[in-house]
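Here is a walk through one structure, residue by residue at first and then as a whole. Keep the viewer open while you read.

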Amino acid sequence: MKTCFLIDDDEDDRDIFELALQQVGKNYKCVTSGSCQDALQTLKNGDINPDYIFLDLNMPLVSGRECLREIRKLSKFQHTPVVIYTTSSVQQDKEDVMQLGATSFITKPNKVSVLTNILKEVLNP
């Protein structure tokens, strides 16, 4: 069983992601966090050891960029794929996060079926 850890402050987006991931297959489970602060604490405590981290960019208090920097400072997660999952489609955002160590960049689609197909590609390259 592979674990996907979604860090996103929007509850609807977390629900949609979980639904899409269920459609990808039964061999994936989703753990979510509504803030970078909680997510970083969860990772530092070793509460979960995700195979993939999905991270929203635009969050209050601690941005996705800063969260990505902090995740990459944790030696245990330096090689864990971190996929940016955001409403942004700005090329500069993509370039910035890739330089910070993101593995890939997904602009949130409007349909669950589209997200399911994107997740299949990301999780089964």
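Let's begin at phenylalanine 105, which sits in strand E5, residues 104-107. Bear in mind that this is a predicted model. Phenylalanine 105 has a relative accessible area of 15%, and since anything under 20% counts as buried, buried is what we call it. Leaving out residues up to four places away in sequence, phenylalanine 105 touches Leu57, Ile84, Thr86, Ser88, Asp93, Lys94 and Val97. Take Ile84 from that list: isoleucine 84 is 21 residues away along the chain, yet the two C-alpha atoms are separated by 4.6 Å.

Aspartate 93 belongs to helix H4, residues 91-99. Is aspartate 93 buried or exposed? Its relative accessible area is 17%, so aspartate 93 goes down as buried. Once its neighbours within four places in sequence are set aside, aspartate 93 is in contact with Leu57, Arg65, Ser88 and Phe105.

Now move to strand E4, where you'll find valine 82. With a relative accessible area of 0%, valine 82 is buried. Apart from neighbours within four places in sequence, valine 82 is in contact with Ile53, Leu55, Leu68, Ile71, Arg72, Ala102, Thr103 and Ser104.

Leucine 6, in strand E1, is likewise buried, with a relative accessible area of 0%. Beyond residues up to four places away in sequence, leucine 6 touches Asp13, Arg14, Phe17, Cys30, Val31, Thr32, Ser33, Phe54 and Tyr85.

Ser33 from that list is a stop of its own. Serine 33 is part of strand E2, residues 28-33, and is buried at a relative accessible area of 7%. Serine 33 touches Phe5, Leu6, Ile7, Asp8, Arg14, Asp38 and Ala39, again not counting residues up to four places away in sequence.

| Pair | Apart in sequence | C-alpha distance |
|---|---|---|
| phenylalanine 105 and isoleucine 84 | 21 residues | 4.6 Å |
| valine 82 and cysteine 4 | 78 residues | 9.9 Å |
| leucine 6 and serine 35 | 29 residues | 9.8 Å |
| serine 33 and threonine 107 | 74 residues | 19 Å |

What about the nonpolar interior? In soluble globular proteins, nonpolar side chains tend to be buried together. Here the largest nonpolar core has 21 residues, and the ones with the most contacts inside it are Ile7, Leu43, Leu55, Ile71 and Ile84. Two or more residues of this core come from each of strand E1 (2-7), helix H2 (36-45), strand E3 (52-55), helix H3 (64-73) and strand E4 (82-86). H2 gives the largest share, 4 residues. There is also a second, separate core of 15 residues, which includes Tyr52, Tyr85, Leu115 and Leu119.

Most residues other than glycine have a negative phi, and most peptide bonds are trans. Leucine 61 has a positive phi of about 70° although it is not a glycine.

Zooming out, the protein has 5 helices and 5 strands. From the N terminus on, the order is β-α-β-α-β-α-β-α-β-α. The C-alpha atoms fill a box of roughly 35 × 30 × 25 Å along the principal axes. A compact globule of 125 residues would have a radius of gyration near 14 Å, and the protein's 13 Å agrees with that. Of the 125 residues, 43% are buried.

Among contacts with a separation of 6 or more, 68% are between residues 24 or more positions apart.

Terms used:
Residues numbered from 1 in each chain as written. Predicted model: local features only at pLDDT ≥ 70, side-chain atom pairs only at ≥ 80, totals over all residues. Heavy atoms only, no water. Rg over C-alpha atoms; globule rule 2.2 N^0.38 Å. Buried < 20%, exposed > 50% of the residue type's maximum accessible area, 1.4 Å probe, protein only. Contact = heavy atoms within 4.5 Å. Core = buried A, V, L, I, M, F, W, Y, C linked by side-chain atoms within 4.5 Å.
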